[in-house]
Amino acid sequence: MADEDAPNEDTGNFAEDAPESEGGLRKIIHVDMDAFFASVEQRDNPDLRGKPVAVGGSGGRGVVAAASYEARKFGVRSAMPSVTAKRLCPDLVFVRHRFDAYKEASSTIREVFRYFTPHVEPLSLDEAYLDVTDDIHGIGSATRIAQLIRKRIKEQTGLTASAGVSYNKFIAKLASDQNKPDGMCVIKPGEGAQFVASLPVRRFHGVGPKGAEKMARLGIETGADLAAKDVEFLRENFGSMGDYLYRAARGIDLRPVRANRIRKSLGGERTYSDDISSGAALREAMDNIIDIVWERIERAEAKGRTITLKLKYNDFTSLTRAKSLTENVADKLEFARIGHELLEELLPLPLPIRLMGLTLSNLEGDESTKDHRKPDTAQLSLL
């Protein structure tokens with residue numbers, strides 16, 4: 001999983017389907033750069049090599065946007081408050097983000113992808129799906145193509161990439177994380193269900209810490225445990241995620257790789273280990289969400305007119321409030337002001353919350369978001 005973004009496989013309006021091979025099987029590669037932001041910083045500054053590095057602000061309200069593998073050994077992770085990261089790793093070196101440098105490296109990486117296939121679905125600056133069912137250069141196998149892609153990325157950027165190769169997107173994404181960093185994993189047709197069965201459910205896209213805890217209470221620890229549950233049980237306990245979990249546990253994913261994605265929205269949610277109720281704690285949580293989401297907005301160069309706040313109470317009921325502007329949100333200051341206004345209008349809350357989310361939608365280039373009552377918010381955890 002890309003460490004710069006929370007899992008974000010939003011649906012939306014797309015153009016151009018990838019090809020399908022005989023029998024319906026595709027050849028999919030998921031490429032994920034290794035600690036991308038931090039690796040770019042270590043590449044460009046030799047003094048940082050071998051040291052625990054965090055990209056982000058080190059102040060009281062700073063948030064870690066990315067962490068080097070040296071920092072991860074101490075438990076430092078992206079989206080973590082900087083004060084927590086510093087407590088876990090006292091020698092942690094903070095560096096401010098340089099999006100121009102990351103975008104330049106990302107552009108080179110995408111050129112490498114498109115040499116091997118036109119069917120590229122970027123998920124973020126450092127992560128993408130590739131459909132190589134059509135072997136346009138006659139290389140011979142998806143595995144060999146993945147090896148060549150990783151080699152060329154290393155030669156042209158000085159950065160390492162990990163790859164997963166399989167017959168669908170879900171398995172390929174899991175596989176790319178299997179041998180990180182600088183590794184590769186191939187899961188052949190017929191091996192997917194067995195591969196998934198051996199994995200902890202926490203590895204599944206959308207299953208956050210709270211979701212894993214809930215599954216553990218239901219006796220579900222691994223993909224095999226999940227596969228033992230029928231779809232009715234999963235729907236009853238996990239709502240709309242039930243069908244996804246049922247298919248995932250069996251290694252089934254029929255989604256094609258889609259090029260030219262048109263993003264419908266951009267946002268993030270945080271699920272908290274302890275419920276939040278006081279105004280001060282809620283405002284601080286909002287500040288952290290704003291930092292995280294605005295980093296993503298800047299990274300994607302997104303422009304939009306609608307901001308939506310989502311709260312989930314500790315009784316699992318949800319509430320959303322949105323505000324639309326006549327013009328695009330000007331900057332982070334305006335984004336933050338509106339986020340806080342939406343929150344203040346709801347205070348005092350009737351119940352403590354366990355989740356807060358903020359989304360920018362009605363984006364430029366997406367005509368489908370005229371009705372923005374249900375923004376396509378990135379899910380960071382399964383409840």
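Modeller: A nonpolar core is a set of buried Ala, Val, Leu, Ile, Met, Phe, Trp, Tyr and Cys residues joined through side-chain atoms within 4.5 Å. The model here is predicted.

Colleague: Which residues have the most contacts inside the largest nonpolar core?

Modeller: In general, nonpolar side chains tend to be buried together in soluble globular proteins. Here the largest such core has 34 residues, and I29, F36, Y102, F113, L130, I149 and I153 have the most contacts inside it.

Colleague: Which elements give two or more residues to this core?

Modeller: They are β1 (28–33), α1 (36–44), β2 (53–56), α4, β6 (127–131), α5 (142–157) and β7 (161–166). Helix α4 gives the most, with 8 residues. At least three residues of the core come from each of domain 1 (28–33 + 100–186) and domain 2 (36–97). A separate second core has 31 residues, among them A285, I307, L309 and L358.

Colleague: How do I read the sides of a helix such as α4?

Modeller: An α-helix has 3.6 residues a turn, so residues three or four places apart point the same way. In α4, the buried residues are F99, A101, Y102, A105, S106, I109, V112, F113 and F116. Viewed down the helix axis, these fall within an arc of 150 degrees, so they line one face of α4. The face turned away from that buried side carries the exposed residues D100, E104 and E111.

Colleague: What span should α4 have, and how far apart are its ends?

Modeller: At 1.5 Å a residue, the 18 residues of α4 (residues 99–116) should span 26 Å. The end C-alpha atoms are 26 Å apart, which agrees.

Definitions and conventions: Residues numbered from 1 in each chain as written. Predicted model: local features only at pLDDT ≥ 70, side-chain atom pairs only at ≥ 80, totals over all residues. Heavy atoms only, no water. Helix = DSSP H or I, 4+ residues; strand = E, 2+ residues; numbered from the N terminus. Expected span 1.5 Å × (residues − 1). Buried < 20%, exposed > 50% of the residue type's maximum accessible area, 1.4 Å probe, protein only. Arc of directions from axis to C-beta. Domains from an automatic or database assignment.
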